[in-house]
Amino acid sequence: MAMSIAALVAVPSLRLRKAGLAETTWNEDIRWVAVTEQEDPQRFLNGGELILTTGLRLNGAAEQRRFVRQVQRAGAVGIGFGTGLTHEAVPPALVAEANRWGLPLVEVPYETPFIAIGKLVADSQSADHYSKLERLIAGHQILARALLTGGGLGELLKQLGSMLRSDIALTQFSAQLYNSVAGNPAPTADDWASFPIPTGRRDACTLWIKQPFGDTGIVSYAQNLISVELNNMVKQRQSQRALAGQVLDDVIHGTLDTVEGARRLAGVGINSTRKNVVLLVVSAAHHKQLSSTSLPQSLDGGVTAVVGKDLVTVVPDDGSSASALAKDLSDHLLEAGIHAVIGIGGAYTKPNGVRWSYFEARDAVAHGLPVNEPERLSLTSLLLASEDVPLADMASEALTPLRKFDATHGSELVSTLESYLNHNGSVAAVAEALTLHRNTVRYRLAQITDLTGYDPAQTPDRVQLWLALAVQRLGARNPR
């Protein structure tokens, strides 16, 4: 270990003797030994030195006092005054000034060469350096072993905290990936030191260490290991989401029976015997980032998948926490620079329940808010969930003649039909809404009947036309 003045005095062979009363820096480590006969050595010192002198130029009390002040201002830990050459004893003025400024002072007898003191301090520093290096290498091995033997990021951070004897936290945007403090309180700059983790991505990952702690270089190595592990986690996340996405895609489109659907869902971690809620994340601008982005800690219990260009998270919940979870997710994505719309589905059991919840979430997304609450699943959405019903073709067959006629003649048959259906078949209400004469509305309705073969005044035909409009509207918002 590094040498202090107290340790030097304790070495019998040096025969050093305490000459003053001060002990302010008595036990501080000596950074270096400086031998000088300058009256003012201050400009040659960096601080932390033990100053050795024979006082060759310190013949008067004024010079002796000035010497002590200059040494003290330079930040030296003490003075070793050699006797038996220029001075037979340590000058009283020098002793008094050292006591006044709290600077330790020792007498070095004539028989003890200054080089012996310097060599002892240098050897001690060398041994201390090698000892620290050995501890650092051992620390590197412990951290690497924690990561590579299956302990993962949590075990690595636990070992780091043990080495530093401090609490550790790891954050990524609004999420805490790890926190050694019970209750997971958010670290603050007042009490914690922060270290950025480079990953080559915009993931704002930060390592936090509770102050005070002693860093011997192990933190820098830990930063690199954490960076490597986070990149590995991104790749694992993408792979897991792709696999879960294949299963959810089959469940959503109704290609699996109940037993097979339950088995496949269980294979990716979704227990369909209990209620689950679907959170659907849609981002036109940042959909590529959805496959790899991290999620808030509150969603750790869910299973996340990529379905098409969207992110789907299936969370075990009875619906009571769904809104809060969606808000956490929205805030987290916003901090990550991902602008997205989140739809919440209802809470249901069984594979069909997951499918049902997905389409509710997809309908909710159409509202366009950052977080959209679920509504009761519509008949249109339920029919759209089936690959067996050619609704898109049926809708196109019914509406294409109207759209072509509108495009050719500049008419507004489609908008008239929508208004008629929205006003429950009231010609008067349509006329008022569109600022038309009632006979004009009736004429347009007759044109619709002639072009499509469906009479809006008849309930079966009205339902058919309403479904056609709803299917095309939902299809435009949610293309497969």
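Six of the seven residues of strand 10 (residues 276-282) are buried, so this strand is largely enclosed by the rest of the structure. The model described here is predicted.

- Strand 10 runs antiparallel to strand 12, and six bridges join the two. Within this pairing, Val281 stands opposite Leu311 in strand 12.
- Strand 10 also pairs with strand 13 (residues 341-348), in the antiparallel sense and over six bridges. Here the bridge partner of Leu279 is Ile344 in strand 13.
- Strand 11 pairs with strand 12 (residues 310-316) over five bridges, again in the antiparallel sense. Val303 has Val314 in strand 12 as its bridge partner.

- Strand 6 (residues 168-172) is largely enclosed by the rest of the structure, because five of its five residues are buried.
- In a regular strand, side chains alternate between the two faces of the sheet. In strand 6, Ile168, Leu170 and Gln172 point one way while Ala169 and Thr171 point the other way, and all are buried.
- Five bridges pair strand 6 with strand 9 (residues 205-210) in the antiparallel sense. In that pairing Leu170 stands opposite Leu207 of strand 9.
- Four bridges pair strand 6 with strand 7 (residues 175-179), also in the antiparallel sense. Ala169 stands opposite Asn179 in strand 7.

**Arg241, a buried arginine without a salt bridge**

- Arg241 is located in helix 5 (residues 218-252).
- This residue is buried yet has no salt bridge; Asp300, the nearest side chain of opposite charge, is 8.9 Å away. A salt bridge requires a nitrogen-to-oxygen distance within 4 Å.
- The side chain of Arg241 instead reaches backbone oxygens: that of Thr293 at 2.9 Å, and that of Ser291, which lies 3.3 Å from a polar atom of the side chain.
- Beyond its neighbours within four places in sequence, Arg241 is in contact with Leu290, Ser291, Ser292, Thr293, Leu295, Thr304, Ala305, Val306 and Leu311.

**The ends of helix 6**

- Asp257 caps the N-terminal end of helix 6 (residues 258-267), with a side-chain oxygen 3.3 Å from the backbone nitrogen of Val259.
- After helix 6 comes Gly269, which has a positive phi, near 100 degrees.

**Salt bridges**

- The structure holds 10 salt bridges.
- One of them joins the side chains of Arg17 and Glu107 (2.3 Å, N to O). This pair links distant parts of the chain, with Arg17 in strand 1 (residues 17-18) and Glu107 in strand 5 (residues 105-108), 90 residues apart. Arg17 counts as partly exposed at 47% relative accessibility, whereas Glu107 is buried, with a relative accessible area of 14%.
- Another joins the side chains of Asp123 and Lys119 (3.0 Å, N to O). Both residues lie in helix 4 (residues 114-164), four residues apart, about one turn of the helix. Asp123 is partly exposed at 41% relative accessibility, and Lys119 is exposed, with a relative accessible area of 52%.
- The side chains of Arg444 and Glu412 also meet in a salt bridge (3.9 Å, N to O). This pair links distant parts of the chain: Arg444 is in helix 13 (residues 438-452) and Glu412 is in the loop between helix 10 (391-409) and helix 11 (413-422), 32 residues apart. Arg444 counts as buried at 15% relative accessibility, while Glu412 is partly exposed, with a relative accessible area of 43%.
- Arg65, Arg69, Glu97 and Arg100 are linked in a network of salt bridges.

**Annotated region**

- In an unreviewed entry, UniProt places the feature "domain: Purine catabolism PurC-like" at residues 24-121.
- Over residues 24-121 the chain is 32% helix and 18% strand, and the end C-alpha atoms are 19 Å apart.

Technical notes: Residues numbered from 1 in each chain as written. Predicted model: local features only at pLDDT ≥ 70, side-chain atom pairs only at ≥ 80, totals over all residues. Heavy atoms only, no water. Buried < 20%, exposed > 50% of the residue type's maximum accessible area, 1.4 Å probe, protein only. Lys, Arg positive; Asp, Glu negative; His and termini not counted. Polar contact = N/O pair within 3.5 Å; in protein donor to acceptor, adjacent residues only side chain to side chain. Contact = heavy atoms within 4.5 Å. Pairing = 2+ DSSP bridges. UniProt positions renumbered as here; feature names shortened; annotations may be inferred.
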